[in-house]
Amino acid sequence: MILFKKTCDMCKTIKTVKSLKTTEEFFDILEELKKLSESDDYEYVGGNNPADTIRYWSQDGLWYRIRCKNCGAIYTLWYDVLKGKGYFKKGK
């Protein structure tokens, strides 16, 4: 049996987004996640777009992931450039 740790109070304040429709929405959330990953509470755990050059060179998908150091919750930001949609959710 796998036991999951409850979401901490810091993570309860993070608002996820079911549907992103523009790259502008993606980059707005990305900037907030970068700020969180620079804090002592969260850490960067993966992504393919840390440089600003990605704004001018599209890939199939853009993603960025952080993890809470307190409760271990993972948050994933994903955007499919070709389909023009994405999400920001808890989990991988």
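This is a predicted model: local features need pLDDT of at least 70, side-chain atom pairs count only at pLDDT 80 or more; totals for chains, interfaces and linings use all residues.
Residues are numbered from 1 along each chain as its sequence is written, and side-chain values use heavy atoms, with hydrogens and water left out.

The secondary structure comprises two helices and five strands, where helices (H or I, at least four residues) and strands (E, at least two) are DSSP runs numbered from the N terminus. Read from the N terminus, the order of these elements is α-β-α-β-β-β-β. Of the 92 residues in the protein, 33% are buried, a term that means under 20% relative accessible area, with exposed meaning over 50% and partly exposed in between (1.4 Å probe, protein chains only).

Strands are taken to pair if DSSP finds at least two bridges between them. Strand E5 (residues 85–90) is joined to strand E1 (residues 17–20) by two bridges, the two strands running antiparallel, and Val17 has Phe88 in E5 as its bridge partner. Strand E4 (residues 74–80) also pairs with E5 in the antiparallel sense, over six bridges, and here Tyr75 is partnered by Lys90. Four residues lie between E4 and E5 in the hairpin that they form, and Gly84 in the turn has a positive phi of about 70 degrees.

Helix H2 (residues 23–38) contains Phe27, which counts as buried because its relative accessibility is 8%. The C-alpha atoms of Phe27 and Leu62 are separated by 9.9 Å, although these residues are 35 residues apart along the chain.
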